[in-house]
Amino acid sequence: TSFKIGLCQLSVTPDKERNIEHARKAIEEAAQKGAQLVLLPEIWNSPYSNDSFPVYAEDIDAGGDASPSTAMLSEVSSRLKITIVGGSIPERCGDMLYNTCCVFGTDGKLKAKHRKIHLFDIDIPGKITFMESKTLTAGETPTIVDTDVGRIGIGICYDIRFQELAMIYAARGAHLLCYPGAFNMTTGPLHWELLQRARATDNQLYVATCSPARDAGAGYVAWGHSSLIGPFGEVLATTGHEENIIIAEIDYSTLEQRRAGLPLAKQRRGDLYQLVDVQR
């Protein structure tokens, strides 16, 4: 019921080949430290900008040379016999671009592909304006995947703000929610940890997040602070804004303890309100 997770908070540069090799080394280091599950940041192979997404996008379904980032993830997961939640990269599919997270199993095979459902379109006057929808298309499918380290629900950054998605994952039996994300310097200090702890507490499960390291000179400056949150909303491990690899332990027996002591699932008033999972 217990295993180690590695959160790789990586620096990202305009050099794609460097980013891929850098991520490879970080995954290897996390595995050497005992991680059976490794989580990467949102958009780790490319600068985070609408100008960069089309340039760095890969055809994940074609694989091989058409997707060097996922080819690396496949090779490393197979060689090290670990599960990788591969952060996210820009994906090209026909005429459309997506912000996509790939999950690879211990055999190196692609187990799931999550396309960011909620696009990051915000305008806070005097603070930050960003419109992912200028270049990206929204995904249509919640993603839950059975792995060697449990049932995992996947979201990407802005997806964490929508509690209904997390509730659906919990209802489908998720043990852990993974959110690669790059919150910014405006909303990060206020909401990043708050949202992680809320999703974990509301659904009585683990939440793991992974951000790029902060680059003050980048066009989009990430908040950082990758974390693992326990099912009681407790911060089990976290880091600052610099590049770092965090190793922490997840123990699923804690889920049963928390749910037995605070039996929310039994106490919900299904006669008054219900969550509708349109895909079930």
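This is a predicted model: local features need pLDDT of at least 70, side-chain atom pairs count only at pLDDT 80 or more; totals for chains, interfaces and linings use all residues.
## Basis of the description

In this report, a residue is called buried when its relative accessible area is under 20%, exposed when that area is over 50%, and partly exposed in between, with a 1.4 Å probe and protein chains only. Residues are numbered from 1 along each chain as its sequence is written, and side-chain values use heavy atoms, with hydrogens and water left out.

Helices (H or I, at least four residues) and strands (E, at least two) are DSSP runs, numbered from the N terminus.

## Salt bridges

A salt bridge is a side-chain nitrogen of Lys or Arg within 4 Å of a carboxyl oxygen of Asp or Glu. The count by this rule is 17 salt bridges. One of them joins Arg172 to Asp277, with the closest N and O atoms 2.8 Å apart. This pair links distant parts of the chain, 105 residues apart: Arg172 lies in the loop between α4 (163-171) and β11 (176-180), and Asp277 in the segment after α7 (264-267). Arg172 is buried, with a relative accessible area of 15%, and Asp277 is likewise buried, at 16%. Elsewhere, salt bridges that share partners join Glu21, Arg24, Glu28, Glu75 and Arg79 into one network.

Arg79 is partly exposed at 40% relative accessibility, and Glu75 is partly exposed at 34%. A further salt bridge connects the side chains of Glu91 and Arg115 (2.9 Å, N to O). Here too the pair links distant parts of the chain, with Glu91 in strand β4 (residues 89-93) and Arg115 in strand β6 (residues 110-115), 24 residues apart. Glu91 is buried, with a relative accessible area of 0%.

Two strands pair if DSSP finds at least two bridges between them. Six strands form an open sheet with mixed pairing, in the order β9-β10-β11-β12-β13-β14. The edges are held by β9 (143-147) and β14 (235-238), each with a single partner strand, so one side of each is left without a neighbour in the sheet. Neighbouring strands of this sheet are turned by 20° against each other on average, direction ignored; the axes behind this angle are lines fitted to C-alpha atoms, for helices over the stretch in contact, and angles run from 0 to 180 degrees between N-to-C directions.

Strand β11 pairs with strand β12 (residues 206-210) in the parallel sense over five bridges, and Leu176 has Tyr206 in β12 as its bridge partner. Strand β10 (residues 150-154) also runs parallel to β11, joined by three bridges, with Ile154 opposite Cys178 in β11. In a regular strand the side chains alternate between the two faces of the sheet. Leu176, Cys178 and Pro180 point one way from β11, while Leu177 and Tyr179 point the other way, and all are buried. Because five of the five residues of β11 are buried, this strand is largely enclosed by the rest of the structure.

## Cavity and pockets

On a 1 Å grid over the protein atoms alone, a cavity is a set of points where a 1.4 Å probe fits but cannot get out, and a pocket is an open set with protein on both sides within 12 Å along at least five of seven lines; lining residues have an atom within 4 Å of a point. Grid points are joined across faces, edges and corners, and a volume is the space filled by probe spheres set on the points. One cavity of 30 Å³ or more is counted, and the largest cavity has a volume of about 30 Å³. Its lining consists of Trp44, Ser69, Thr70, Leu73, Gly86, Ser88, Ile89, Thr100 and Cys102. Helix α3 gives the most to this lining, with three residues.

The largest pocket has a volume of about 570 Å³. Of the 21 residues that line this pocket, Ala170, Ala171, Leu264, Ala265 and Arg268 lie nearest its centre. The elements that give two or more residues to the lining are α4, α5 (188-203), α6 (253-261) and α7. The second largest pocket holds about 300 Å³ of space, and the closest residues to its centre are Val12, Pro47, Tyr48, Ala218 and Tyr220.
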